[in-house]
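Dear colleague,

A short account of the findings follows it.

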Amino acid sequence: MIDGHTKLYGFFAHPAHHSLSPLMYNLSFQAHEINARYLAFDLSNDFSQAIAAVRTLGLGGINLSMPYKLKVLPLLDELSTTAKLVGAVNTVVNDHGRLRGENTDGKGLILALQADGRKVKGKQIAILGAGGAGMSIIAAAAFAGAAKITVFKRQNQTFTQVAQRLSRIEKVTGVTLELCDYADEATMAQVLTTTDYLINTTNIGMGQGNNELPVPAKLITSLATNIVVTDIIYFPRETAFLKLARQNGNPTYNGLGMLIYQGALAFQTWTAKQMPITTVTTALEQALYQPQN
């Protein structure tokens with residue numbers, strides 16, 4: 001029941017109404033009988049005023065999507081170590097008017113893999129893309145003790161900036177990070193002969209009926225079958241990239257686990273409670289993948 005003590009949490013994005021976050025968090029509040037609700041707010045402008053409203057209205061916390069993961073940085077009072085390294089925030093905690101930024105995206109993927117018995121400690125990891133989600137995964141994998149992380153990124157105006165950020169992550173974690181040109185197919189082919197994980201963090205292949213691949217098909221079909229292939233896209237359920245890898249005999253994971261576990265980390269940060277993973281997973285799979293009558 002909503003009453004005068006109900007705590008409000010929210011998702012700030014544009015667009016926002018497609019978000020699965022209200023379903024995920026409201027189920028979790030209900031499971032723990034927490035007097036709170038989570039809403040999606042579609043913000044097309046006045047973002048700084050929206051952040052001010054978090055303080056004024058006493059929201060317990062918020063989640064953010066791009067481009068607000070970056071725009072929020074100067075508006076916060078404090079950043080976690082990971083948020084500083086990554087340069088992006090997806091979760092904000094309101095501690096009596098003091099706003100702290102966290103980044104749970106990358107650790108969410110690591111936890112999702114660990115939940116299925118997949119470890120990254122001591123492993124070689126190849127990552128496609130170095131945007132907000134990609135950088136968060138790079139940092140999380142480094143903190144989790146990966147042996148080496150090779151990042152493939154397009155040679156554009158942000159290449160140098162990404163190289164500098166990777167250097168800082170390398171210095172903090174002690175993990176070897178190598179940045180390569182996405183277009184260098186020969187280097188990519190060589191890296192993929194020794195990697196343990198191949199993770200796509202780009203949006204190539206997103207959307208129903210999208211058959212684009214983030215790497216040439218011949219590189220996927222020549223992968224050793226013990227390489228774990230992951231795509232952070234969760235719709236469609238199986239991208240063309242994952243389908244080809246599965247047909248090649250590789251274990252594959254889409255991005256739904258990352259979505260759920262990054263949310264579980266935010267939920268724990270806000271409430272000190274564990275998200276009911278099984279309940280949430282069932283609900284999200286039904287919302288995403290089962291035909292609606």
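In what follows, a residue is called buried if its relative accessible area is under 20% and exposed if it is over 50%, with partly exposed in between (1.4 Å probe, protein chains only). Helices (H or I, at least four residues) and strands (E, at least two) are DSSP runs, numbered from the N terminus. This is a predicted model, in which local features need pLDDT of at least 70 and side-chain atom pairs count only at pLDDT 80 or more, while totals for chains, interfaces and linings use all residues. Residues are numbered from 1 along each chain as its sequence is written, and side-chain values use heavy atoms, with hydrogens and water left out.

Strand E10 (residues 197-200) is covered on both faces: Tyr-197 and Ile-199 are buried on one side, Leu-198 and Asn-200 on the other. Strand E7 (residues 124-128) runs parallel to E10 and is joined to it by four bridges (two strands pair if DSSP finds at least two bridges between them). Ile-127 stands opposite Ile-199. Four bridges also join E10 to the parallel strand E11 (residues 228-231), where Val-229 stands opposite Leu-198.

The UniProt record, an unreviewed entry, lists Lys-69 for "active site"; its positions follow the numbering used here, feature names are shortened, and annotations may be inferred rather than shown by experiment. Lys-69 lies in helix H3 (residues 68-71) and is buried, with a relative accessible area of 10%. Beyond its neighbours within four places in sequence, Lys-69 is in contact (heavy atoms within 4.5 Å) with Leu-64, Ala-88, Val-89, Asn-90 and Asp-105.

Yours sincerely
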